[in-house]
Amino acid sequence: MKLVDLRPSEGATRERKRIGRGIGSGFGKTAGRGHKGDKARGSTKPGFEGGQTPLHRRLPHKRGFHNMFRKHYAIINLTALERFEADAVITPETLLESRVIKDLGDGLKVLGNGEITKALTVKAHSFSKSAAEKIKAAGGTVEAL
């Protein structure tokens, strides 16, 4: 057996459809594409929606990454805690009642801007390192909720 003797088995291949070769071929004139329309003429761009404003133009244009699971803390500095008496227990609820914060959000975070001179018990969801150190240095206690 030689390489030239190799043939595909019977029925395995079919002849190429020769389109646009005259009316007698059965695929003349419109070459099997029907009449008019984009399928007869060429191809549409990817994302083309028939003249409707495409999805990529309907969506708002925003740059960057936006974390949908981000926690929004109500932030308070140590200067705001100076208004309370010594040995007071400060909770997010007391801050809401005294209108130091307007909205609690996902929790309360105490930041270390300013100085504190009184011993206070501060209960919050989160503390910065400097805030916790300053409260403890003034003789107060820090409790994470």
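Three strands make up an open sheet, ordered β2-β4-β6, and their pairing is parallel. At the edges are β2 (89-90) and β6 (141-144), each of which pairs on one side only. Two strands count as a pair if DSSP finds at least two bridges between them. Strands (E, at least two residues) and helices (H or I, at least four residues) are DSSP runs, numbered from the N terminus.

This is a predicted model, in which local features need pLDDT of at least 70 and side-chain atom pairs count only at pLDDT 80 or more, while totals for chains, interfaces and linings use all residues. Residues are numbered from 1 along each chain as its sequence is written, and side-chain values use heavy atoms, with hydrogens and water left out.

**How the sheet is joined**

- Strand β4 (residues 121-124) is linked to β6 by four bridges, and the two run parallel.
- On the β6 side, T121 stands opposite T141, and K123 stands opposite E143.
- Two bridges link β2 to β4, again running parallel.
- T121 in β4 is also the bridge partner of V89.
- Here is a general point to keep in mind as you look: side chains in a regular strand alternate between the two faces of the sheet.

**A buried serine**

- S126 belongs to strand β5 (residues 126-127).
- With a relative accessible area of 17%, S126 is buried; buried means under 20%, exposed means over 50%, and partly exposed lies in between (1.4 Å probe, protein chains only).
- Leaving aside residues up to four places away in sequence, S126 touches L108, K109 and V110; a contact here means heavy atoms within 4.5 Å.

**The start of the chain**

- M1 is found in the segment before α1 (38-41), and M1 is exposed because its relative accessible area is 88%.
- Together with L3 and L6, M1 forms a nonpolar patch on the surface, with about 440 Å² of accessible area in total.
- Such areas come from the Shrake-Rupley method with a 1.4 Å probe, and for residues only the protein chains shown count as cover.
- Patches are built from residues with over 30% relative accessible area and no salt bridge, joining nonpolar side chains (Val, Leu, Ile, Met, Phe, Trp, Tyr) within 5 Å and like charges within 9 Å.
- A salt bridge is a side-chain nitrogen of Lys or Arg within 4 Å of a carboxyl oxygen of Asp or Glu.
- A12 also lies in the segment before α1, and A12 counts as exposed at 52% relative accessibility.
- From A12 to G51 is 39 residues in sequence and 43 Å in space, C-alpha to C-alpha.
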